[in-house]
Amino acid sequence: MDPIFRSSGFDFSNSIRNNFLHEKGLPLPKATSTGTTIVGCLFKDGIILGADTRATEGPIVADKNCEKIHYISESIRCCGAGTAADTEFVTASISSNMELHALSTGRKPRVVTAMTMLKQYLYRYQGNVGAALVLGGVDSTGPHLFTIHPHGSTDKLPYVTMGSGSLAAMAVFESGWKPNMEREEALQLVTAAISAGIFNDLGSGSNVDACVITATHTEMLRNFVKPNERVEKERKYTFRRGTTAWRSENIRSLIVSEEVTPVGGEAMDIS
């Protein structure tokens, strides 16, 4: 075998194959663009998480009102960006493991435990599981906020953004966040950050979801703000019956009628 394929370092042998296939007329695969805006920030009493509600399938809006803030435990939530199926099932799996961990130890689960489980799971698959996560919650050691990247790397920061609209959202946080914010002030900042992603990123859109987590209570604010509600059209586009001509007409009955013939025999003993 040629020693170039056994040497250390990067291996570009697949590029030769790809160029050969491309010259034969086979189109090269294209990366799928995913879109979302998810954020989180600390405030005086805990954590506030936020997310938009648009799910895209390439250039198509597949779902206008999907839920991107996932349940992990009673006081821990996780926002997901990337491949929708991956974020759904990764968070559901870790939520199950966290419940088993709590039952095994007899203690309320910690945020850092969920973060460790998530990062180890994602690192195992080397980025092939397309889940970019914002994890937040409050435990016995206080409020904690993490970002978890698809390859398994993590950050712990007072305010975070992820997804295709993260730059627009981060601009709002950089200019408006401050320590020890009140609940309403922090909630308005999170709403403004998600709105910046909605109106400046094509992959984000529809409504604003938020989740307020404190030491004693978790409040899920589904469709907290609806900046894109459809208004009534100015004109009515209706056409009178018979406008479109047809050449033939055939009416079929979709109700199936059948006859049931009883078969003789001994009755079943039900005594």
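The model is a predicted one, in which local features need pLDDT of at least 70 and side-chain atom pairs count only at pLDDT 80 or more, while totals for chains, interfaces and linings use all residues. Residues are numbered from 1 along each chain as its sequence is written, and side-chain values use heavy atoms, with hydrogens and water left out.

Helices (H or I, at least four residues) and strands (E, at least two) are taken as DSSP runs and numbered from the N terminus. Helix 3 runs over residues 111-124, 14 residues in total, and its first and last C-alpha atoms are 20 Å apart, close to the 20 Å expected at 1.5 Å a residue; the expected span is 1.5 Å times one less than the number of residues. Five of its residues, V111, A114, M115, L118 and L122, are buried. Here buried means under 20% relative accessible area, exposed means over 50%, and partly exposed is in between (1.4 Å probe, protein chains only). Seen down the axis of helix 3, the buried residues fall within an arc of 100°, so they line one face of the helix; the arc is that of the directions from the helix axis to the C-beta atoms. Q120, Y123 and R124, on the other side of helix 3, are exposed. The cover over the buried residues of helix 3 includes helix 2 (84-105) along with strand 5 (69-73), strand 6 (76-82), strand 7 (131-139), strand 8 (142-148) and strand 9 (154-156).

Just after helix 3 comes Q126, with a positive phi of about 55°. Q126 sits in the loop between helix 3 and strand 7 and is partly exposed, at a relative accessible area of 48%. N223 also has a positive phi, near 55°, and is a residue other than glycine; N223 is placed in strand 12 (residues 218-225).

Turning to the rings, the structure holds three aromatic pairs. Rings of Phe, Tyr and Trp (its six-membered ring) pair if their centres lie within 6.5 Å; planes under 30 degrees apart count as stacked, over 60 as edge-to-face and the rest as tilted. Y121 and Y125 make a tilted pair, 5.2 Å centre to centre with 50° between the planes. Y121 counts as partly exposed at 22% relative accessibility, and Y125 counts as partly exposed at 36%. The rings of Y159 and F173 have their centres 5.7 Å apart and their planes at 40°, so this pair is tilted. This pair links distant parts of the chain, with Y159 in strand 10 (residues 159-162) and F173 in helix 4 (residues 166-176), 14 residues apart. Both Y159 and F173 are buried, and ring pairs join Y159, F173 and W177 into a cluster.

F173 turns up again in the nonpolar cores. A nonpolar core is a set of buried Ala, Val, Leu, Ile, Met, Phe, Trp, Tyr and Cys residues joined through side-chain atoms within 4.5 Å. The largest nonpolar core has 22 residues, and V39, C41, I48, F173 and V190 have the most contacts inside it. Strand 1 (38-43), helix 4, helix 5 (183-200) and strand 11 (208-214) each supply at least two residues of this core, with helix 5 giving the most, eight residues. Apart from this core lies another, of 17 residues, among them V90, A114, L122 and L133. Beyond its neighbours within four places in sequence, C41 is in contact (heavy atoms within 4.5 Å) with residues including I48, L145, Y159, F173, W177 and V190.

Two serines round out the picture. S95, found in helix 2, is buried, with a relative accessible area of 13%. A polar atom of the S95 side chain lies 2.9 Å from the backbone oxygen of I72, and S95 touches Y71 and I72, not counting residues up to four places away in sequence. S164 is placed in the loop between strand 10 and helix 4 and counts as partly exposed at 35% relative accessibility. The C-alpha atoms of S164 and G35 are separated by 5.1 Å, although the two are 129 residues apart along the chain. The side chain of S164 makes a polar contact with the side chain of D201 (2.6 Å). A polar contact is a pair of N or O atoms within 3.5 Å; within protein, one must be able to donate a hydrogen and the other to accept it, and residues adjacent in sequence count only if both atoms are side-chain atoms.
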